[in-house]
Amino acid sequence: MMAPVSSDGAASCACKGIRRCLVCEKLKGKGQLEANKTKVVHRFLYNPDAKLAVHQNAESLSFPFPGVFLWENFISEEEEKELISRFDQDVWNESQSGRRKQDFGPKVNFKKRKVRVAAFCGLPALSQKLVLRMHQEPSLADFQPVEQCNLDYHPQRGSAIDPHLDDSWLWGERLVTINMLSNTTLTMSLEEGLPELGLAEEVQVAVHLPRRSLVVLYGKARHKWKHAIHREDVNERRVCSTYRELSEEFLPGGQQAEMGAQLLDIALSFKGTPI
């Protein structure tokens, strides 16, 4: 387990490879972060009511953007306060790019495709009522999370998360995240562009996440478009909880259904502590 850090974000750096935060940039420089600023990027803004991505400078240019569901005010101010207080009572571990994290889930080696349950004791108790609330939304009625990852972003550390696709061997169709403490922007990106719209360079779609909202990524937004939180979109402390479900391989009828059943039994006991 990595050393905990204080709630004001002061700590040593855990970045590796090309990852950067404000702490390590003083020693390593900005590297790829500066190079990326020279790229041509077509920027769009997600309209949740119309489910369209609308060009930021030319509103007449838009395209359907399925795979994003936004539930504003998913939790109340009191619930947010209670959740953050409880998170801060547990250990926050240093993570890449200036983030801190708490994991409630099995230990996974994605390269070797191995799952270990020895230290896994379930999702935290406070999440039980939140999962039940998720089920009120028809598209989440059968959502059974087997992992919860809490991430803490702080502007003084230059916290961010690079564009990425979540694993799809173990994790299933829906990624569900609760955004807390501050508004932010989830940036969806497609490096190959959209040639059918005459956009050969990278396309980015900004999805605004209000404080205390819940966002779900599924379909193409889950499997085709990478997602990121850029440093410039973290202006205050931000904490999020992301819940992941099992892939079909671990569900009844799948090759690892027995392991999946064991993981679900543990996860949904809601007796978890960070691992």
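Phe-74 counts as buried, since its relative accessibility is 3%. Buried here means under 20% relative accessible area, with exposed being over 50% and partly exposed in between, using a 1.4 Å probe and protein chains only.

Quick housekeeping, everyone. This is a predicted model, where local features need pLDDT of at least 70, side-chain atom pairs count only at pLDDT 80 or more, and totals for chains, interfaces and linings use all residues. Residues are numbered from 1 along each chain as its sequence is written, and side-chain values use heavy atoms, with hydrogens and water left out.

Back to Phe-74, then. What lies over the face of Phe-74? That's Arg-133, at 5.5 Å from the ring centre. For a charge to sit over a ring, NZ of Lys or CZ of Arg has to be within 6 Å of the ring centre and within 35 degrees of the ring normal. Arg-238 does this too, over the face of Tyr-153, at 4.9 Å from the ring centre.

Now, rings with rings. There are 10 aromatic pairs in the structure. One of them joins Trp-71 and Phe-74, edge-to-face, with 4.8 Å centre to centre and 80 degrees between the planes. The rule is that rings of Phe, Tyr and Trp (its six-membered ring) pair if their centres lie within 6.5 Å; planes under 30 degrees apart are stacked, over 60 edge-to-face, and the rest tilted. We also get one aromatic cluster made of Phe-44, Tyr-46, Phe-63, Phe-65 and Trp-225.

Let me zoom out. The chain has 6 helices and 16 strands. Its radius of gyration is 19 Å, close to the 19 Å from the globule rule for 275 residues, so the chain is as compact as a globular protein of that length. That radius is taken over C-alpha atoms, and the rule is 2.2 Å times the number of residues to the power 0.38. Helices (H or I, at least four residues) and strands (E, at least two) are DSSP runs, numbered from the N terminus. Of the 275 residues, 49% count as buried. Among contacts between residues at least 6 apart in sequence, 77% join residues at least 24 apart; contact means heavy atoms within 4.5 Å.

Next stop, Glu-245, in strand E16 (residues 238–246). Buried or exposed, would you say, for Glu-245? Buried, at 8% relative accessibility. The Glu-245 side chain has a polar atom 2.8 Å from the backbone nitrogen of Arg-174, and it reaches the backbone nitrogen of Glu-173 at 3.4 Å. Leaving aside neighbours within four places in sequence, Glu-245 also has contacts including Phe-143, Pro-145 and Trp-171.

Phe-250 counts as buried, at 1% relative accessibility. Setting aside neighbours within four places in sequence, Phe-250 is in contact with several residues, among them Val-115, Trp-169, Leu-170 and Met-259.

Ser-97 isn't a glycine, yet has a positive phi of about 55 degrees. You'll find Ser-97 in the loop between strand E5 (93–94) and strand E6 (100–104), buried with a relative accessible area of 2%. Arg-212, also not a glycine, has a positive phi near 70 degrees. Arg-212 lies in the loop between strand E13 (202–209) and strand E14 (214–217), and counts as buried at 14% relative accessibility.

Notes: A polar contact is a pair of N or O atoms within 3.5 Å; within protein, one must be able to donate a hydrogen and the other to accept it, and residues adjacent in sequence count only if both atoms are side-chain atoms.
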